[in-house]
Amino acid sequence: LNEDEIDQHLNKQSIDEDNTVSINILNKDRKPAHSFSIGETMIIEASWKKLDVIESVGVNIFKRSGEHISGHNTRFDDSLKNVNNLNSVSIEYKLNISPGSYFVFSEVFKREGHAYSQKFDGPSFVVRSTETPTWSGLLDLPHVWKR
């Protein structure tokens with residue numbers, strides 16, 4: 001499905017000028033974690049050394065098999081549009097996704113299209129199932145049944 005897209009990303013060289021950007025996966029208690037149950041909270045934290053100008057931060061989640069699960073950028077979030085004076089941001093997810101292995105692809109932009117850092121095969125994590133999910137597919141979309 002997204003095999004060509006993920007191959008393009010993984011074949012690119014990661015960029016990180018002077019190792020300025022650090023990406024960490026945390027649990028709901030903000031402790032490092034790399035294994036989660038379906039429905040648990042995961043936090044992805046991006047932090048960086050002093051940079052001149054930061055336009056935005058992007059975080060993407062890919063399944064190891066190639067599916068692009070989700071992608072978010074502070075550029076499109078009204079509550080966090082100005083990251084220029086910060087040295088870290090985090091994004092919190094409720095992991096209503098199928099069991100499997102995943103990785104984070106992150107970017108910190110000087111300006112749109114120009115990155116300080118692009119980590120194409122960033123930190124990885126596993127989602128495990130402690131019981132049979134009540135849904136099928138890659139993710140459990142919020143939904144409401146009606147009659």
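This section describes the aromatic contacts of a predicted model. Residues are numbered from 1 along each chain as its sequence is written, and side-chain values use heavy atoms, with hydrogens and water left out. Local features require pLDDT of at least 70 and side-chain atom pairs count only at pLDDT 80 or more, whereas totals for chains, interfaces and linings use all residues.

Four aromatic pairs are present in the structure. Rings of Phe, Tyr and Trp (its six-membered ring) are paired if their centres lie within 6.5 Å; planes under 30 degrees apart are stacked, over 60 edge-to-face, and the rest tilted. Phe62 and Phe105 form a tilted pair, with 6.4 Å centre to centre and 50 degrees between the planes. Phe62 belongs to strand E5 (residues 56-63) and Phe105 to strand E8 (residues 100-111), so this pair ties together parts 43 residues apart in sequence. Strands are DSSP runs of at least two residues (E), numbered from the N terminus. Phe62 is buried at 1% relative accessibility, and Phe105 is buried at 4%; buried means under 20% relative accessible area (1.4 Å probe, protein chains only).

The ring centres of Tyr102 and Phe125 are 5.4 Å apart and the planes are at 15 degrees, so this pair is stacked. Tyr102 lies in strand E8 and Phe125 in strand E10 (residues 124-128), so parts 23 residues apart in sequence are tied together. Both Tyr102 and Phe125 are buried. Together with Phe36, Tyr102 and Phe125 make up one aromatic cluster.

Arg75 lies over the face of Phe109, 5.2 Å from the ring centre. The criterion is NZ of Lys or CZ of Arg within 6 Å of the ring centre and within 35 degrees of the ring normal.

Definitions and conventions: Helix = DSSP H or I, 4+ residues; strand = E, 2+ residues; numbered from the N terminus. Buried < 20%, exposed > 50% of the residue type's maximum accessible area, 1.4 Å probe, protein only.
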